[in-house]
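Subject: The two-chain model, handed over

Hello,

Here is the structure I promised to pass on to you. Have a look at it first, and then read on for what turned up.

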Amino acid sequence: MDDALPDPPESHDLFLFLASTAHDMKNSISVLSGTLERLLVDASPQTESAYPQMAHMLYQTKRLNDNLMQLLALYKQVGKPEYPFDLQPVPLGQLVDQVVAMGRVLLQSRGIRLELDVDPDLIWHLDEDLVVGVLSHAINNAIHYTGDTVRLAIRELDGWLELRVEDNGPGYPPALLQAGAVATREMAGGVNFLTNSAGLGLYFSGKVAEMHRHRGRGGSLHLENGGAYGGGCFVLRLP
Amino acid sequence: MNLANPTAVAMAADQVDWADKNYLVVDDFVGIRQLLRESLRSLGAKNIDQASSGGEAMGLLSRIRYDVVLCDYNIGEGKNGQQVLEEARVRNLVNPSTVWLMVSAEKSVESVMGAAEHQPDAYLIKPITEGVLLTRLNRVWHKKQVFRAIDQACAEKDYLRAARLCDARIEHDKIHALDLLRMKAKLMEKSGQPAKAREVYEQVLEQREYQWARAGLAKIRMANGEFEQARQMFQSVIAENRYYIDAYDQLAASYQNMGKLDEACAILERAAKLSPNSVPRQRSLGNIALKLGNIAMAEKAFRKCIAIGEYSIMKTPDAYLGLARVCGQKNDTKEALQLLLTAQREFAHEHPDIQLRTKITEGLVYHESGDYRRARKAGDDLEEMLKLTPDRPDTNTCLELATLLFAVGVKDAPVELLCYVIRNNHDNPLLLDEVQGIFDKARMGDEGLALIRSSKKEAADLMNQGVLLWKTGKLAQAVEWMRNARKAVPNNQRILFNAAQIMVSHLQQHGYDDAMYAEACEVLHHVDRLLPGQQRFAQLMEQLAALQPAADASVSAVA
């Protein structure tokens with residue numbers, strides 16, 4: 001094919017090696033976070049003196065997992081035709097069930113309330129694994145920076161699906177708001193935003209938004225301050 | 001739980017009871033097996049078996065019926081997860097209601113191709129959390145309920161009934177509407193109504209650009225002989241999603257139909273790089289490379305095909321025969337013969353024609369390596385083998401065999417074979433031309449022309465006499481006549497269709513009869529194996545199903 005990418009002979013072997021290593025790392029992280037969640041469910045701050053530290057370990061483990069997942073997706077060229085993008089009609093109730101269940105133990109252990117504002121019967125066409133990953137990551141972040149509440153709100157707005165993760169913390173600092181704007185802007189090969197620690201997650205989420213295309217419109221991501229509680233808002237819009 | 005509104009997002013009213021089900025967890029990593037077992041236990045599950053390899057999984061699957069299988073794709077040496085699934089389905093070790101979830105470390109190419117014959121019910125990416133697991137289990141379960149009657153009708157090959165069942169649901173089942181539309185399109189293709197399949201695909205594309213719908217339209221174009229348009233459409237599907245592997249196979253087929261073998265070969269090579277573990281794709285690549293004389297590529301493809309087939313129930317002798325010819329062309333007749341022996345040993349049970357096919361390849365190997373004496377000996381052996389039985393292999397093997405026999409100097413046997421092919425395909429002009437070509441090459445052009453004409457007439461007379469008996473109301477005699485005609489000419493599709501049609505008339509006019517019903521079913525299934533996707537097949541299957549006393553009850557029960 002004339003538009004085929006060059007395919008150096010060693011790339012396939014390297015890919016297999018990376019894939020099997022990634023598989024191994026994912027197994028380890030699965031066991032780690034699974035064990036932590038189980039310990040936390042069985043414990044309480046009253047009976048377990050290390051409860052806050054365990055909750056923090058879970059938060060860090062989830063970050064590690066999100067980063068690994070995002071790196072893998074980027075390696076598989078998320079955002080380009082090379083990525084095995086998988087569009088399906090998904091009822092939002094089912095989408096949110098998965099996001100909620102992924103964050104449940106961490107929310108509970110941090111004493112944070114998750115508020116939901118979703119029409120569970122609304123159906124949207126999206127890549128479920130990617131969107132669940134993006135939302136779950138956004139909620140993990142919000143848990144770290146919020147006061148005591150995180151809100152997940154999804155609605156249809158002028159033919160778009162707007163997914164908002166809001167918190168009641170102090171809001172994003174200006175530098176991050178700018179990084180968000182840069183990460184989501186189309187820029188060829190520039191990775192200077194990655195100097196920011198939040199860069200990978202934002203870049204990944206921006207790519208996931210872009211992959212969702214419909215009738216010439218592509219999805220988008222932006223950060224803002226305000227929303228229902230005047231804190232940070234992570235806003236994903238899908239066509 | 002600190003949720004404001006925990007019930008708002010819960011599943012719909014009909015919750016599934018996951019506690020009483022039988023589970024099998026397959027993963028080579030003990031930590032993951034334990035983690036999944038814990039997750040399943042928190043759903044209430046009690047009966048959970050574990051396997052650490054494909055072989056162990058097969059052992060358990062052959063003894064116990066599971067309701068849910070959670071199987072990792074990469075499970076070390078031996079079979080992979082897909083091969084375990086294929087073998088379990090082919091050997092009927094799982095029920096149609098069994099939920100099969102395939103687990104992998106990352107989004108796999110296979111999960112979006114959507115065209116493989118044996119698909120799991122869902123793909124899960126690690127790490128698997130309880131929420132994701134429960135949501136996907138419930139989703140698959142509900143989908144299976146929706147599709148149960150449709151799948152049943154499909155299994156009975158009553159495609160038109162299945163399509164009506166789809167129609168009845170599409171309107172008010174928003175969650176499954178897209179799956180139902182996709183199924184309906186497939187059913188319309190299977191029942192020889194591409195125009196209706198096209199309507200469905202266009203309906204889907206009005207909503208969203210789904211690549212399977214675009215590829216579906218392209219396939220219809222190709223079936224219609226519009227190869228260039230089909231080629232462009234497949235190429236645009238690939239441009240949108242480079243991992244939509246099915247489009248590569250179809251694109252290669254479009255090129256092949258246009259006679260552009262080089263381009264077809266290049267596309268298959270690219271697809272085999274992206275998704276190397278497909279037995280049929282490596283086989284196609286090997287065959288086309290062999291035709292092009294690209295011995296190195298053919299050898300690589302056939303060897304890969306044999307290697308991935310080692311643990312797969314989907315393996316066939318073709319790669320062994322193809323590789324034997326590659327070896328012959330490299331003057332390594334020793335390895336060629338070794339491969340043929342292996343093929344005879346491995347496929348003796350499932351492929352009753354393997355002796356004949358390996359002998360044909362042996363003849364070709366000797367002929368192509370210039371050993372004309374041994375080639376002639378193989379030809380004589382083949383002639384003897386044909387005398388032992390009235391059964392003849394499939395059309396392509398017959399043509400290949402006749403070509404070889406003429407080439408090594410045998411006369412009577414290939415003439416008999418070609419007349420047999422004509423009698424069984426008397427209204428297929430393309431095939432008649434091909435047969436004439438073989439006669440021409442053997443310098444028997446005029447003789448061949450006369451033979452083709454008389455064989456055609458023989459088949460047409462057989463059929464017309466049966467139809468005449470039917471049209472003049474002599475139904476019992478017509479059935480008997482067509483029964484004998486089928487013995488004389490077992491693979492003639494028009495004779496088979498008319499035989500089934502006459503039996504349907506008999507059942508309609510003289511009442512239902514188990515034996516004749518079964519006979520008509522057998523005839524129709526035989527013709528569907530010869531050439532799937534014919535409209536007349538779907539129509540006759542529907543008429544036949546309507547005659548069966550029990551069938552009526554089941555249709556009304558699910559409607």
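Helices and strands here are DSSP runs, a helix having at least four residues and a strand at least two, and they are numbered from the N terminus. Please keep in mind that this is a predicted model.

With that in hand, let me begin with a loop in chain B. B:Lys157 sits between helix H5 (130-155) and helix H6 (159-170) of chain B. Most residues other than glycine have a negative phi. B:Lys157, which is not a glycine, has a positive phi of about 60 degrees. This lysine is buried, because 21 other C-beta atoms lie within 10 Å and the cut-off for buried is 20 or more.

B:Asn331 also has a positive phi of about 60 degrees without being a glycine. You will find B:Asn331 in the loop that links helix H15 (318-329) to helix H16 (333-346) of chain B. Is B:Asn331 buried or partly exposed? B:Asn331 counts as partly exposed, because it has 13 C-beta neighbours inside 10 Å.

Now to chain B as a whole. The chain contains 27 helices and 5 strands. Its radius of gyration is 27 Å, close to the 24 Å given by the globule rule for 559 residues, so chain B is as compact as a globular protein of that length. Along the principal axes, the C-alpha atoms of chain B fill a box of roughly 90 × 65 × 45 Å. Buried residues make up 44% of the 559 in chain B. Among the contacts in chain B with a separation of 6 or more, 56% join residues 24 or more positions apart.

Helix H8 (residues 194-207) has 14 residues and spans 20 Å from its first C-alpha to its last, close to the expected 20 Å. Which residues of H8(B) are buried? They are B:Pro194, B:Ala197, B:Val200, B:Tyr201 and B:Val204. Viewed down the axis of H8(B), the buried residues fall within an arc of 120 degrees, so they line one face of the helix. The general rule behind such a pattern is that an α-helix has 3.6 residues a turn, so residues three or four places apart point the same way. On the face of H8(B) turned away from the buried side are the exposed residues B:Ala195 and B:Glu206. The cover over the buried residues of H8(B) includes helix H7 (177-190) and helix H9 (211-223) of chain B.

Further along chain B, B:Leu449 belongs to helix H22 (residues 445-471). B:Leu449 is partly exposed, because it has 13 C-beta neighbours inside 10 Å. From B:Leu449 to B:Asp179 there are 270 residues in sequence and 51 Å in space, C-alpha to C-alpha.

Next, chain A, which is divided into domain 1 (9-75) and domain 2 (89-238). Where the domains of chain A touch, 14 residues of domain 1 are in contact with 12 residues of domain 2. On the domain 1 side, helix H1 (9-42) and helix H2 (51-75) of chain A each give two or more residues. H2(A) gives the most to that side, with 11 residues. That side has 8 nonpolar, 2 polar and 4 charged residues.

Last, the contact between the chains takes 48 residues from chain A and 41 residues from chain B. Elements giving two or more residues to the chain A side include H1, H2 and helix H3 (92-110) of chain A. By class, the chain A side has 24 nonpolar, 12 polar and 12 charged residues.

Best wishes

Notes
Residues are numbered from 1 along each chain as its sequence is written. Chains are lettered from A and ligands numbered from 1 in the order in which they are written. This is a predicted model: local features need pLDDT of at least 70, side-chain atom pairs count only at pLDDT 80 or more; totals for chains, interfaces and linings use all residues. The radius of gyration is taken over C-alpha atoms; the globule rule is 2.2 Å times the number of residues to the power 0.38. A residue is buried if 20 or more other C-beta atoms lie within 10 Å of its own, exposed if 12 or fewer, and partly exposed in between; C-beta atoms are placed from the backbone. Two residues are in contact if their C-beta atoms, placed from the backbone, lie within 7 Å. The expected span of a helix is 1.5 Å times one less than its number of residues. The arc is that of the directions from the helix axis to the C-beta atoms. Domain bounds come from an automatic or database domain assignment. Ala, Val, Leu, Ile, Met, Phe, Trp, Tyr, Cys and Pro count as nonpolar, Asp, Glu, Lys and Arg as charged, and the others, Gly among them, as polar.
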